[in-house]
Amino acid sequence: MRFTLFCIGKMKAGADKELFDRYIDRARKTGRGLGITEVALTEMSESRAQRADDRKAEEARGILAALSAGARLVVLDENGKNLSSPAFSQKLEAWKDEGVSDVVFAIGGADGHGQDVLNRADLKLALGAMTWPHQIARILLAEQIYRAMTIQSGHPYHRV
């Protein structure tokens with residue numbers, strides 16, 4: 001199984017990127033023992049279209065074009081489900097048990113996701129009721145992916 005974080009916009013060097021990279025590195029190392037062969041990042045430039053709906057539609061086309069056949073799509077969306085860390089881990093483990101080969105986590109642009117991406121999503125996930133900057137959303141998602149793996153492996157990182 002492969003995980004890909006597909007993000008609209010680029011993350012600049014600095015403390016945010018270092019923390020994101022730390023969690024991705026931890027996830028890659030922990031994932032090997034769980035059958036997670038890759039934890040990757042794909043960044044797509046933000047659309048330059050004038051209207052928000054046009055930007056969202058263009059960015060949605062890029063996300064959908066990047067999906068492999070049979071991939072599960074997890075879309076970060078303010079109206080998505082608020083899952084506990086154990087429930088998130090269980091969802092990823094269930095997909096692995098079903099033989100899903102790719103899970104793509106999509107963080108949209110500043111305007112959010114286009115309707116085509118929202119319609120295609122296998123899971124719409126919220127990181128709480130608050131709105132987060134994209135850099136922090138990436139860090140939170142990377143940490144939760146790592147945490148999900150530690151839950152699956154029985155590592156004491158996630159304490160109840």
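This is a short walk through the structure above, one selection at a time.

Before you start, know that the model is predicted: local features need pLDDT of at least 70, side-chain atom pairs count only at pLDDT 80 or more, and totals for chains, interfaces and linings use all residues. Residues are numbered from 1 along each chain as its sequence is written, and side-chain values use heavy atoms, with hydrogens and water left out.

**Stop 1: the core**

Start by selecting F3, L5, V103, F105 and I145. They have the most contacts inside the largest nonpolar core, which has 31 residues. A nonpolar core here is a set of buried Ala, Val, Leu, Ile, Met, Phe, Trp, Tyr and Cys residues joined through side-chain atoms within 4.5 Å. "Buried" stands for under 20% relative accessible area, "exposed" for over 50%, and "partly exposed" for what lies in between (1.4 Å probe, protein chains only).

Now color the elements that each supply at least two residues of this core: β1 (2-8), α1, β3 (72-81), α3 (85-97), β4 (102-107), β5 (123-125) and α5. These labels come from DSSP runs, numbered from the N terminus: helices are H or I with at least four residues, strands E with at least two. Which element gives the largest share of the core? That's α5, with eight residues.

Next, zoom in on L5. Skipping its neighbours within four places in sequence, L5 is in contact (heavy atoms within 4.5 Å) with F20, I24, V39, A40, L41, T42, F105, L141 and I145. There is also another core apart from the largest one, with 14 residues, including F6, M44, I63 and V117.

**Stop 2: T4**

Step back to T4, in strand β1. Is T4 buried or exposed? T4 is buried, with a relative accessible area of 18%. Leaving out neighbours within four places in sequence, T4 touches A40, T42, V103, V104 and F105.

**Stop 3: α1 against α5**

Show helix α1 (residues 15-32) and helix α5 (residues 134-153). Their axes come within 9 Å and cross at roughly 20 degrees. Axes are lines fitted to C-alpha atoms, for helices over the stretch in contact, and angles run from 0 to 180 degrees between N-to-C directions. Angles under 35 degrees count as roughly parallel, over 145 as roughly antiparallel, 65 to 115 as roughly perpendicular and the rest as oblique, so α1 and α5 are roughly parallel to each other.

To see the contact, select D16, L19, F20, Y23, I24, R26, A27, T30 and G31 on α1, with Q135, R138, I139, A142, E143, I145, Y146, M149, T150 and S153 on α5.

Stay with I139 in helix α5. I139 is buried at 10% relative accessible area. Beyond its neighbours within four places in sequence, I139 contacts M11, D16, L19, F20 and Y23. Try the distance tool on I139 and R26: their C-alpha atoms are separated by 12 Å, though the residues are 113 apart along the chain.

**Stop 4**

**Stop 5: A110**

Finish at A110, in the loop between β4 and α4 (115-120). A110 counts as exposed, at 70% relative accessibility. Its C-alpha atom and that of R55, 55 residues apart along the chain, are separated by 9.4 Å.
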